[in-house]
Every structure is written in C-alpha cells, then in structure tokens.
Amino acid sequence: MDFVASQFEANSEPLPRQDNVSAACVDVGATVNVEGPSAERRAAPPVVGLPCQYNDNCTEKEKYKSPSRAGLTPNQKAMRHKMILAVEWMVRKHGIERVGLLTLSFGVPGSGKGSYETWALRQQAKDWDFVQGRWHSFCTHVVAKRYEDWVCVFEMHRDRVWHLHVVVAAKEDIRTGTDISTLSNYKLPFRMRRGKHLRNEALAAEWRALRETACKYRFGRVELLPVKKSGQAVGLYLGDYLVKTYNVMPGRKCRLVRFSKRINKAIGTKFTIHGLGQLIYRTRLKIAAGMLNFREYGDFAEYFGPRWNFYLKDSIRWIPMPFHFLKGAFESGLAGAMLANYAGNPAAFLDDRGKAKLGDVSRELWRRFTEMTEESSDAFERQAMRLDDNAGDGPATPDDLQGDILSDPNEPF
C-alpha cells in the first residue's frame, strides 16, 4: 500500500505551466487563465462552444457478439450441437474441398427486388407451412438427388421472412482454384465479385444448374460458396443463426434443422453434450479412460462388455469434481475450458483429500479390469477344453460347433 500511495502522490503533481495555447482552443468566447493551479477557478465554457472534443463520435463497427444460448431448452441445445457435429462429419467424410454452403432466399427472378411479385412472394414466405412445403419439394427433387449429404438450417429475418442455409456435399472439388475471399466480400459491387475467373469449373457448373432449377421452386437468390476456413467454423456460424431464430420465436415449436438420412444414422442426439451435467460426466469418463490407458470409448466395451457403463458408473461418479459452476458457465464456454484443463491434469486441481480419493478410484477400476480379464481368460480355456474333448471323439459336426458358439453369450454371431 505504501508503494501505491507514493506512486499516486508522484503522479498527482500539478501540471506544468502552458504558455503556448493553440488558437483553436483560445477562440472559445471565454477568458483563458493559465497562471497555475493556485489561480482562482473560472467558470467553464459551455460544451457546445468547444470546437474539438476528447471523445470520438464517429460511427464505428462494433465487435460481433454471439447470441445468448441461456434461454434455449435442452432439446434446442442438443439440436444445435448435433448440427455442428454433422457439418464437421461432412467435412471429414467428403473433404473440405467438396463441401459448400448454399443460401436460398425467396424471390421472383427477373422481376426486380422492389417489384410487386417479389413483395407478394415474401409475404407468403412469412408463413411457416408455405416455407416447409417449398423446401420439401426442392429437397426431394433437387438437393437429395444432386448432393450426397446435406444439412438445412432455417433462419428468420428481422422482417419475419424465412430463408434457408444448406450445407451440401458436392460430387466434385468446388474449392480448388476458387477465390473465396472475393466471392464472399459483400462490400464489393455485384459485378466485381461474380466474375468467371473467380470460380473453378465445378463451382460454375453448380451455379448454372441451381439457377436453372431454383427459380421453379420460387427461390430468387441462390448462392453456393465453398467452405472458407473449417467445418467447425461453418457449424458455429449456422449455430448463431439457429440460436437467434430460437430466441425470436420462443413459444412456437418448429423443426429448424433438417438432415439427410445418412447423417441421421451416423450422428444421434443420445450422447451429445448439451448440458453441464453431461459435460461433467464426460470429463470424469475421460479421466477414467486415462487411468486405464484407454484411447477411445470402444475400449470400455471391449474389456468390460456392452454394459460397461452399468458396472462402472459408481466408480466413475466417485472421481472428485473440485469446481462449482454458476449459472451461464456452460453457455459461455467457461465450464468447458476449465473441465478440459482438469481432465488433462487432475492432480493439479485437487488437495490431499481429493488426490487420495482419485487414487482409490484408480485402484478400484484396475481391480474390476483384472477381474474381467481373468474371467475372459477362464472362459477361453473352458471353450478350448471342450473343443479338445470333441476332437478326441472324432471330427466335430456342425451341430457341435453351433452348440459351442451359442454357449457363449458374448459371441456376436
């Protein structure tokens, strides 16, 4: 405190005398006295009369803030998380060079943005049933036939008009040789960001085919752009649109995300992390996997059987959790960051009691692991002895082999 007080006193010395005052600050319609701090305080001039100000009132672009996910239901959070996982899965499966983002807006091509036909169509596009019907028809006859996998997200504009974002997996490379930064720079005029030299042949062919067919389904703006950074970036970008739409229509139940059949089979919402409780359980499960030197979740089923979670749930819950999170910690990402660090090095966050508790969990897991491996080895020995007995009686018949296989309930066939 003494050091802070001394620094404050040193910095609070009176300002030096200013003999030269700029003409811009003198011409304010009042007497300026610079005789020092001991002079009599004069009345301050009106603020309106000042020709220059200390703050800047110019218009500046504010930093983007993601919409809050605090008001979403667990089902809505799970759907958002599944959509992000689906986009990342598409990029891993098909490659980032074949995945693109298709934007569809309602309009009558050739009639102009301010025409009566486009206005009447956009009034119809405020109806959810009308938008669903248009998308179902376009998806059935165009998207499902032209693209292998797709994810569709519905977004509502400020004027209550719906439009669609569809992540599609094209059959050819649409990214190599394409100037994505220029195509997505909406500050440039339309003619400068739509040149033929900015896109490769595969993307140009997609544009021609979509423009010829989309107008038949009452879509005026059709824009397909390759992925610029990564699948996760596209998923988070669409996730903000999804959260924004959920927030503006809180009481209405609409299925705002649609997936292709292959994605629904590959990704389910049963094990997705859409709450703080499941995130804590996954953190404990990751710590337990590190104790047993497991690399993936399939190792649990391989060594402990298909009901591994039932046998190990008590031991996993006994892993100490040194954090108490407040409301909003999961939505802001603070809980995820802290739990990720805790899973990487649990001992650094625990006291002596917590470390002793963590050691008890490790010994219990290894005890169960040893029991399961011993039971498995005994079962293999008994099966080998039965096969040797059958071999002494003569060649094994198909009925004998079938009986040996059916006797083991863990056999998949």
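What follows is a set of questions and answers on this predicted model.

Colleague: How many helices and strands does the protein chain have?

Modeller: The model is predicted. Of the 413 residues of the protein chain, 36% count as buried. The secondary structure of the chain comes to 16 helices and 5 strands.

Colleague: Among contacts between residues at least 6 apart in sequence, what percentage join residues at least 24 apart?

Modeller: This concerns contacts within the protein chain. The share that joins residues at least 24 apart is 70%.

Colleague: How far apart are the end C-alpha atoms of helix α5, and what span should its residues give?

Modeller: Helix α5 covers residues 128-146, which is 19 residues. At 1.5 Å a residue, the helix should span 27 Å. Its end C-alpha atoms agree with that, at 25 Å apart.

Colleague: Where is the kink in α5 centred?

Modeller: The kink is about 50 degrees. Several residues of α5 are buried, among them F138 and V142.

Colleague: Which elements do the buried residues of α5 pack against?

Modeller: One helix is among their partners: α7 (201-214). The strands are β1 (99-106), β2 (150-156), β3 (162-169), β4 (219-226) and β5 (257-259).

Colleague: Is α10 roughly parallel or roughly perpendicular to α12?

Modeller: Helix α10 spans residues 276-291 and helix α12 residues 308-317. Their axes come within 10 Å and cross at roughly 95 degrees. An angle of 65 to 115 degrees counts as perpendicular. That makes α10, relative to α12, roughly perpendicular.

Colleague: How do the residues of the contact of α10 with α12 divide into nonpolar, polar and charged?

Modeller: From α10 come Y281, R284, L285 and A288. They meet W308, N309, I316 and R317 in α12. The division is 5 nonpolar, 1 polar and 2 charged.

Colleague: Is P346 buried or exposed?

Modeller: P346 sits in the loop between α14 (334-344) and α15 (352-393). Leaving out residues up to four places away in sequence, P346 touches I287 and L358. Its relative accessible area is 14%, and under 20% means buried. So P346 is buried.

Colleague: What separates the C-alpha atoms of P346 and I319?

Modeller: Along the chain, these two are 27 residues apart. Their C-alpha atoms are separated by 9.8 Å.

Colleague: What does T370 count as, given its relative accessibility?

Modeller: T370 lies in helix α15. The C-alpha atoms of T370 and Y303, 67 residues apart along the chain, are separated by 9.7 Å. The relative accessibility of T370 is 36%, so T370 counts as partly exposed.

Terms used
Residues are numbered from 1 along each chain as its sequence is written. This is a predicted model: local features need pLDDT of at least 70, side-chain atom pairs count only at pLDDT 80 or more; totals for chains, interfaces and linings use all residues. Side-chain values use heavy atoms; hydrogens and water are left out. Axes are lines fitted to C-alpha atoms, for helices over the stretch in contact, and angles run from 0 to 180 degrees between N-to-C directions. Helices (H or I, at least four residues) and strands (E, at least two) are DSSP runs, numbered from the N terminus. Angles under 35 degrees count as roughly parallel, over 145 as roughly antiparallel, 65 to 115 as roughly perpendicular and the rest as oblique. Contact means heavy atoms within 4.5 Å. Ala, Val, Leu, Ile, Met, Phe, Trp, Tyr, Cys and Pro count as nonpolar, Asp, Glu, Lys and Arg as charged, and the others, Gly among them, as polar. The expected span of a helix is 1.5 Å times one less than its number of residues. The bend at a residue is the angle between axes fitted to the seven residues ending there and the seven starting there. Buried means under 20% relative accessible area, exposed over 50%, partly exposed in between (1.4 Å probe, protein chains only).
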